[in-house]
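Me: Here is a chain that is new to me. Please take me through the terms used for it, one at a time.

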Amino acid sequence: MTDPHQPLSPDAIARLLTDTEPYLSCDECFARIDEYVEHTLSDPSYLDVPMDVHLAGCAVCAEEAETLTELLS
Ligand SMILES: [Zn+2]
């Protein structure tokens with residue numbers, strides 16, 4: 001019996017865990033940036049790793065998040 005749902009290879013997992021390159025597209029980031037900023041403001045311990053990683057590596061979205069944070073805070 002072979003399982004059609006292949007587990008992620010160690011390589012794929014390592015890629016997902018690498019925090020040096022964003023793996024969310026800017027479109028995906030923008031789609032949830034409002035929610036992300038709201039969560040971050042209401043709960044300082046809130047973590048959204050894909051967003052955090054993207055914002056750390058993308059100046060455009062980071063600026064957008066900053067603007068939203070100022071607007072909402
Ligand atoms: Zn971006």
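Reply: Start with the angle between helices: axes are lines fitted to C-alpha atoms, over the stretch in contact, and angles run from 0 to 180 degrees between N-to-C directions. The model is a predicted one. In it, H2 and H3 pack at about 115 degrees, and their axes are 10 Å apart.

Me: Why are H2 and H3 called roughly perpendicular?

Reply: Angles from 65 to 115 degrees count as roughly perpendicular. The angle of H2 and H3 is about 115 degrees, and therefore the two helices are roughly perpendicular to each other. Their crossing is left-handed. On the H2 side the contact is made by Cys 26, Cys 29, Arg 32, Ile 33 and Tyr 36, and on the H3 side by Met 51, Asp 52, His 54 and Leu 55. Sorted by class, the contact of H2 with H3 has six nonpolar, one polar and two charged residues.

Me: What makes up the secondary structure of the chain?

Reply: The chain has four helices and zero strands. Read from the N terminus on, its elements run α-α-α-α.

Me: Why is H3 called roughly perpendicular to H4?

Reply: H3 and H4 pack at an angle of about 110 degrees, with 6 Å between their axes. The range for roughly perpendicular is 65 to 115 degrees, so H3 is roughly perpendicular to H4. His 54, Leu 55 and Gly 57 of H3 make this contact with Ala 59, Cys 61, Ala 62 and Ala 65 of H4. The contact of H3 with H4 has five nonpolar and two polar residues, and no charged ones.

Me: Which residues make the contact of H2 with H4?

Reply: The axes of H2 and H4 come within 10 Å and cross at roughly 35 degrees. H2 passes H4 in a right-handed crossing. From H2 the contact takes Cys 26, Cys 29, Phe 30, Ile 33, Asp 34, Val 37, Glu 38 and Leu 41, and from H4 it takes Cys 61, Glu 64, Ala 65, Leu 68, Thr 69 and Leu 72. By class, these residues divide into 10 nonpolar, one polar and three charged.

Me: Which residues make up the largest nonpolar core?

Reply: This core has 11 residues in all: Leu 24, Cys 29, Ile 33, Tyr 36, Val 37, Met 51, Leu 55, Cys 58, Cys 61, Ala 65 and Leu 68. Helix H2 (26–42), helix H3 (49–57) and helix H4 (59–72) each supply at least two residues of this core. H2 gives the most, with four residues.

Me: What is Leu 24 in contact with?

Reply: Neighbours within four places in sequence are left aside; Leu 24 is then in contact with Cys 29, Arg 32, Pro 50, Met 51 and His 54.

Me: Where is Asp 48, and is it buried or exposed?

Reply: Asp 48 is in the loop between H2 and H3. Buried means under 20% relative accessible area. Asp 48 has 9% and is therefore buried. Not counting residues up to four places away in sequence, Asp 48 touches Arg 32 and Tyr 36.

Me: What makes Ser 25 count as partly exposed?

Reply: Partly exposed is what lies between buried, under 20%, and exposed, over 50%. Ser 25 has 33% relative accessibility, so Ser 25 counts as partly exposed. Ser 25 is found in the loop between helix H1 (10–17) and H2. Ser 25 and Pro 50 are 25 residues apart in sequence, and their C-alpha atoms are 9.8 Å apart in space.

Me: Why is Leu 72 called partly exposed?

Reply: The relative accessibility of Leu 72 is 44%, and therefore Leu 72 counts as partly exposed. Leu 72 lies in helix H4. Not counting residues up to four places away in sequence, Leu 72 touches Val 37, Glu 38 and Leu 41. The C-alpha atoms of Leu 72 and Glu 38 are separated by 7.5 Å, and the two residues are 34 apart along the chain.

Me: Which residues of H3 are buried, and what do they pack against?

Reply: In H3, Met 51, Val 53, His 54 and Leu 55 are buried. The buried residues of H3 pack against H2 and H4. Of the 73 residues of the chain, 21% count as buried.

Key:
Residues numbered from 1 in each chain as written. Predicted model: local features only at pLDDT ≥ 70, side-chain atom pairs only at ≥ 80, totals over all residues. Heavy atoms only, no water. Core = buried A, V, L, I, M, F, W, Y, C linked by side-chain atoms within 4.5 Å. Buried < 20%, exposed > 50% of the residue type's maximum accessible area, 1.4 Å probe, protein only. Contact = heavy atoms within 4.5 Å. Parallel < 35°, antiparallel > 145°, perpendicular 65-115°, else oblique. Left-handed = near helix turned anticlockwise from the far one by under 90°. Nonpolar A, V, L, I, M, F, W, Y, C, P; charged D, E, K, R; others polar.
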